[in-house]
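Here is a short report on aromatic pairs and a surface patch. Look at the sequence and the model first.

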Amino acid sequence: MPAAARLRRTRTTRHARTLAAACAAALALPLIGATGASAATAAAPTVGTTPAGYPDNLDGWIRESLAIMAEKKIPGTYNGIHRNIIRESSGNPAAINLWDSNAAKGIPSKGLLQVIDPTFNAYHVDGTSFDIYDPVANITAACNYAADRYGSIDNVFGAY
């Protein structure tokens, strides 16, 4: 083939191919040796869990509370608990109400379901923390109170 008819590769094309090959090799490096499940999980981010193994977030706290409630025969559903938590504290387990009538009496509402100390102590459920700010203890005690007073947390649609 005459020299004039040959296709010439430009320097830009050659550099682009070299760069592409280097990038592909760099991306493949972390995969080398990662053949077992332990190798894959070592790089995965860890998600916090409660001592009982539930996710350490609103969903996990509700599900753990529901498991305890089922054992203790305390009625309530995920949706009823979630609805009340969002209304009462917006999902903040450290929420405290310093302005309502309870706060004026020196017993502010606390935690996810805005429970006052005397109610928390009276309706505390065995097997949960005695810390009113503990999400699972707060939910479970509040649901125990709501079950006694209203039949279920599902029947609560306003401040209780």
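Is Y150 buried, exposed or partly exposed? Y150 counts as partly exposed, because its relative accessibility is 32%. Buried means under 20% relative accessible area, exposed over 50%, and partly exposed in between (1.4 Å probe, protein chains only).

This is a predicted model, where local features need pLDDT of at least 70 and side-chain atom pairs count only at pLDDT 80 or more, while totals for chains, interfaces and linings use all residues. Residues are numbered from 1 along each chain as its sequence is written, and side-chain values use heavy atoms, without hydrogens and water.

**Aromatic pairs**

The whole structure holds two aromatic pairs. Rings of Phe, Tyr and Trp (its six-membered ring) pair if their centres lie within 6.5 Å; planes under 30 degrees apart count as stacked, over 60 as edge-to-face and the rest as tilted.

| Pair | Centre to centre | Angle between planes | Class |
|---|---|---|---|
| Y123 and Y145 | 5.3 Å | 75 degrees | edge-to-face |
| Y145 and Y150 | 6.5 Å | 85 degrees | edge-to-face |

Y123 lies in helix α6 (residues 117-123) and Y145 in helix α7 (residues 135-150), so their pair ties together parts 22 residues apart in sequence. Helices here are DSSP runs (H or I, at least four residues), and strands are too (E, at least two), numbered from the N terminus. Y145 counts as buried, at 11% relative accessibility. Ring pairs link Y123, Y145 and Y150 into a cluster.

**Surface**

I96, L98 and Y133 make a nonpolar surface patch of about 280 Å². Patch residues have over 30% relative accessible area and no salt bridge; like charges are joined within 9 Å, nonpolar side chains (Val, Leu, Ile, Met, Phe, Trp, Tyr) within 5 Å. A salt bridge is a side-chain nitrogen of Lys or Arg within 4 Å of a carboxyl oxygen of Asp or Glu. Accessible areas come from the Shrake-Rupley method with a 1.4 Å probe; for residues, only the protein chains shown count as cover. L98 sits in the loop between β1 (96-97) and α5 (101-104). L98 counts as exposed, at 63% relative accessibility.
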